[in-house]
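Please open the model in a viewer and keep the selection panel at hand.

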Amino acid sequence: MLASYRRSIDNIDAALIHILAERFRITQAVGEHKARLDLPPADPGRESRQIQRLRKLAEEADLDPEFSEKFIRFVIDEVIRHHRQAAGK
Ligand SMILES: C=C(O[C@@H]1C=C(C(=O)O)C=C[C@H]1O)C(=O)O
């Protein structure tokens, strides 16, 4: 029983890693685009719309919206760090 639950958890965790890798591949391209056009690394308006959208999705999916916000905030902060590096700032 536990082993079978853990096999599922292992598959889900692997999917999460692949999804995150794909997201960071795209945000890397965004960072290069922004650096080329001298656009700011962060876009707080886009971030708050994204956070609100994901909080709503989390509620609908019976996931804690606070957790969802902390998680996406953590990911976005890392993206912004990469964008600042790409811009040499
Ligand atoms: C990816 C972008 O850059 C930053 C990172 C974001 C994200 O990871 O979702 C959102 C807004 C920006 O602060 C973007 O501007 O779309």
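By class, how many residues of the shell around the ligand are nonpolar, polar and charged? The shell in this predicted model has five nonpolar residues, three polar ones and three charged ones.

Begin by selecting the ligand together with the residues that surround it: Thr27, Val30, Ala42, Asp43, Arg46, Glu47, Gln50, Ile76, Val79, Ile80 and His83. Next, colour the helices α1 (2–37), α2 (44–60) and α3 (65–87), each of which supplies at least two residues of this shell. The largest share, four residues, comes from α3.

Step past the end of α3 to Gly88, which follows the helix and has a positive phi, near 70°.

The axes of α1 and α3 are 9 Å apart, and the two helices pack at an angle of about 40°. An angle under 35 degrees would count as roughly parallel; α1 and α3 are therefore oblique to each other. Their crossing is right-handed.

Finally, select residues 1–87, which an unreviewed UniProt entry lists as "domain: Chorismate mutase". Over this range the chain is 87% helix and 0% strand, and the C-alpha atoms at its ends lie 50 Å apart.

Technical notes: Residues are numbered from 1 along each chain as its sequence is written. This is a predicted model: local features need pLDDT of at least 70, side-chain atom pairs count only at pLDDT 80 or more; totals for chains, interfaces and linings use all residues. A residue is near a molecule or strand if its C-beta atom, placed from the backbone, lies within 6 Å of it. Ala, Val, Leu, Ile, Met, Phe, Trp, Tyr, Cys and Pro count as nonpolar, Asp, Glu, Lys and Arg as charged, and the others, Gly among them, as polar. UniProt positions are given in the numbering used here, feature names are shortened, and annotations may be inferred rather than shown by experiment. Axes are lines fitted to C-alpha atoms, for helices over the stretch in contact, and angles run from 0 to 180 degrees between N-to-C directions. Angles under 35 degrees count as roughly parallel, over 145 as roughly antiparallel, 65 to 115 as roughly perpendicular and the rest as oblique. A crossing is left-handed if the near helix is turned anticlockwise from the far one by less than a right angle, and right-handed if clockwise.
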